[in-house]
Amino acid sequence: MEENEQVLLPQEIEAYLESLEPISIPEIGSPRWLTQRERIHNLSLQASLDVKSEREEIVKEFLLTLEKIPVLIYELIATEIWRLKIFPLLLKMEHPSKSVIPIYLVLYHEVALETFLEAVLFHEDAMEAAGDSLIDLVDYCYRNIIQFTSLEKEKSEDPISESNDDQDDNSRLEHQRREIAFESGIKCISLLSYMTQHLKTIPLGVLHRLLVVHDIPLLFTNLLYEPPWSKEVNGERVKYVDGKWKKLSPIDFMKINKIEGQIWIALIQLLLNPDCQKKYDMSGYKKDQLLKLRCRLNDVTIEQIPILRELLRFLEHLSLFDAPIPKKGVIIEQVPEIWECLHKEYRGKWKEIATNQMNSCFALSQDELQDLCKKLTNSFDLKNIEAMLSDTPLCAQCGGKGLKRCSRCKNEWYCGRPCQVSHWAKHQPACNLMVK
């Protein structure tokens, strides 16, 4: 990737962020929302490119200057509430446009916002700028990680396989919701891990929710003991690595992936930090659960993250002696204001909002749908997108190495002409929407 590759110019970044403002839940899916969604997408891509190229992070600096990080968190919570309250009602309605693309855009917007926050909240000054809105972000991450752990209990398909092209619209949307929920859980682990790396910066109310209200040490311990990102499929062990399920050899399976690494680092911060030890009760059941981590701290794991030797030493000490019980004092607990305010404002109006959105935002004519697809296609600079890819594109038909892209829509990859011809019947409708 060349150093001068840009998605947005500095002037565009500043203008986009200046115009960024909270959008109400009834407006989700509207033209105004679509414009802001596109801008957030481009800002997120620019922020990720800046991180990847190790150059000045202009997007982050403007976010801090214009104080827009709380706005991003508001947008994230509003989109989550839409998914929980409005999306199930939309599934029960008939889709007049016979396309789920507009609804999918809203579902995926949640992950786009998480990706944006993930790119900037790594930094201490960005975490400090988020302020009390971190209370809402902690609660959001906890809810999504709980959902992430429960996905295995839902009736789902082989994690290696793609969604069935013969599914009806609702089934396809539900499949996509599960995929997005899984990716969202991964990103929420990352966001919580960043918070634990800035314990001196985050508000005391956030630390209280991490340790006491949601018990993140225990949650992360259970994730390591029963990891949702690794499983056995048809007698083969698969693991979620770099955004994909991969079949791995026994040696590669033992390698710590990014998710596991972030959880281990978070546990080191939460359990070994003296300030946390004064607030976190590690007696009784919690102590028994934490001590289970010792079976995961083998030589192979410690060799990959040497600082884990300190955590193992701490756990061995904990097994021999009782941890001091934290002193109880007067605690003024902060509540998640964004979540509470939005629920209070729209309580009892969910069905009305869903009906209005279906009629005004999601029941698009063929021409409107075609215009939307063209707009989406034009918002992607393929050169910049490819710069973010860690793997070679895969053939849409056989899953092999993608060598050529569809010359019309430039969206799908194929290993050769035979696969492209075989896949044309399935690809043609989407291809026509984007180029006609």
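In what sense do strands S1 and S2 pair, and over how many bridges? They pair in the antiparallel sense over 4 bridges. This tour begins there.

**Before starting.** The structure is a predicted model, in which local features need pLDDT of at least 70 and side-chain atom pairs count only at pLDDT 80 or more, while totals for chains, interfaces and linings use all residues. Residues are numbered from 1 along each chain as its sequence is written, and side-chain values use heavy atoms, with hydrogens and water left out.

**Stop 1: the sheet.** Two strands count as paired if DSSP finds at least two bridges between them. The three strands form an open sheet in the order S1-S2-S3, with antiparallel pairing. S1 (230-233) and S3 are at the edges with a single partner strand each, so one side of each has no neighbour in the sheet.

Next, select strand S2 (residues 236-241) and strand S3 (residues 244-247), which are joined by 4 antiparallel bridges. Here valine 241 faces lysine 244. The hairpin has 2 residues between its strands, and aspartate 242 takes a positive phi near 55°.

Stop 2: Select arginine 209 and aspartate 139, whose side chains form a salt bridge (2.7 Å, N to O). The term requires a side-chain nitrogen of Lys or Arg within 4 Å of a carboxyl oxygen of Asp or Glu. Arginine 209 belongs to helix H9 (residues 204-213) and aspartate 139 to helix H7 (residues 133-150), so the pair ties together parts 70 residues apart in sequence. Both residues are buried, a word that means under 20% relative accessible area, with exposed meaning over 50% and partly exposed in between (1.4 Å probe, protein chains only).

**Stop 3: helix H16.** Select arginine 313 and glutamate 310, which meet in a salt bridge (2.9 Å, N to O). Both lie in helix H16, 3 residues apart, about one turn of the helix. Arginine 313 is partly exposed at 46% relative accessibility, as is glutamate 310 at 42%.

**Stop 4: a network.** Select Glu118, Glu183, Lys187 and Lys258, which a network of salt bridges links.

Stop 5: Finally, select residues 155-163, where pLDDT (the predictor's confidence in each residue, from 0 to 100) stays under 50. Where pLDDT is low, predicted coordinates should not be read in detail.

Conventions: Contact means heavy atoms within 4.5 Å.
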